[in-house]
Amino acid sequence: MYEQHYQTLLQTIGNNLRAARKAQYPKDTQAQFACRIGVSRVTFQKMEKGDANVRIGSYMEAAALLGLLDGFQGLFEQPKDLFEEAGL
């Protein structure tokens, strides 16, 4: 269903989530961290695998807890056109 590039990107997001959890909450199990963000252990396992079927809000809750929510702000931001900004 998803192109390989998309799946690779989602897996990277999941791996980054796992690394951030282990760095900031090293004693938490997946179940404990899942409880912190209000999802089930199974859902959190899917998140760490980069499952595209998990609600984006769940990823945002994890990012907020980890102090990484700012990354979502530019998610759909269009690149700035320097010529347009300069009035050219």
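1. A residue counts as exposed when its relative accessible area is over 50%, and as buried when that value is under 20%. These two terms are used throughout this note on a predicted model.

2. Phe76 has a relative accessible area of 73% and is therefore exposed. Its place in the chain is the loop between helix H5 (70–73) and helix H6 (82–85).

3. Phe76 also belongs to a nonpolar patch on the surface, together with Ile56, Met60, Leu69 and Leu75. The accessible area of these residues together is about 510 Å².

4. The aromatic rings deserve a separate point. How many aromatic pairs does a search of the whole structure find? The search gives 2. In the pair of Tyr25 and Phe33, the ring centres are 5.6 Å apart and the planes stand at 65 degrees, so this pair is edge-to-face. Tyr25 and Phe33 are both buried.

5. The rings of Phe33 and Phe44 also form a pair, with centres 5.1 Å apart. Their planes are at 45 degrees, and the pair is therefore tilted, since only planes over 60 degrees apart count as edge-to-face and those under 30 as stacked. This pair links distant parts of the chain: Phe33 lies in helix H2 (residues 30–37) and Phe44 in helix H3 (residues 41–49), 11 residues apart. Phe44, like Phe33, is buried.

6. Taken together, the ring pairs join Tyr25, Phe33 and Phe44 into a cluster.

Technical notes. Residues are numbered from 1 along each chain as its sequence is written. This is a predicted model: local features need pLDDT of at least 70, side-chain atom pairs count only at pLDDT 80 or more; totals for chains, interfaces and linings use all residues. Side-chain values use heavy atoms; hydrogens and water are left out. Patches are made of residues with over 30% relative accessible area and no salt bridge: like charges are joined within 9 Å, nonpolar side chains (Val, Leu, Ile, Met, Phe, Trp, Tyr) within 5 Å. Accessible areas come from the Shrake-Rupley method with a 1.4 Å probe; for residues, only the protein chains shown count as cover. A salt bridge is a side-chain nitrogen of Lys or Arg within 4 Å of a carboxyl oxygen of Asp or Glu. Helices (H or I, at least four residues) and strands (E, at least two) are DSSP runs, numbered from the N terminus. Buried means under 20% relative accessible area, exposed over 50%, partly exposed in between (1.4 Å probe, protein chains only). Rings of Phe, Tyr and Trp (its six-membered ring) pair if their centres lie within 6.5 Å; planes under 30 degrees apart count as stacked, over 60 as edge-to-face and the rest as tilted.
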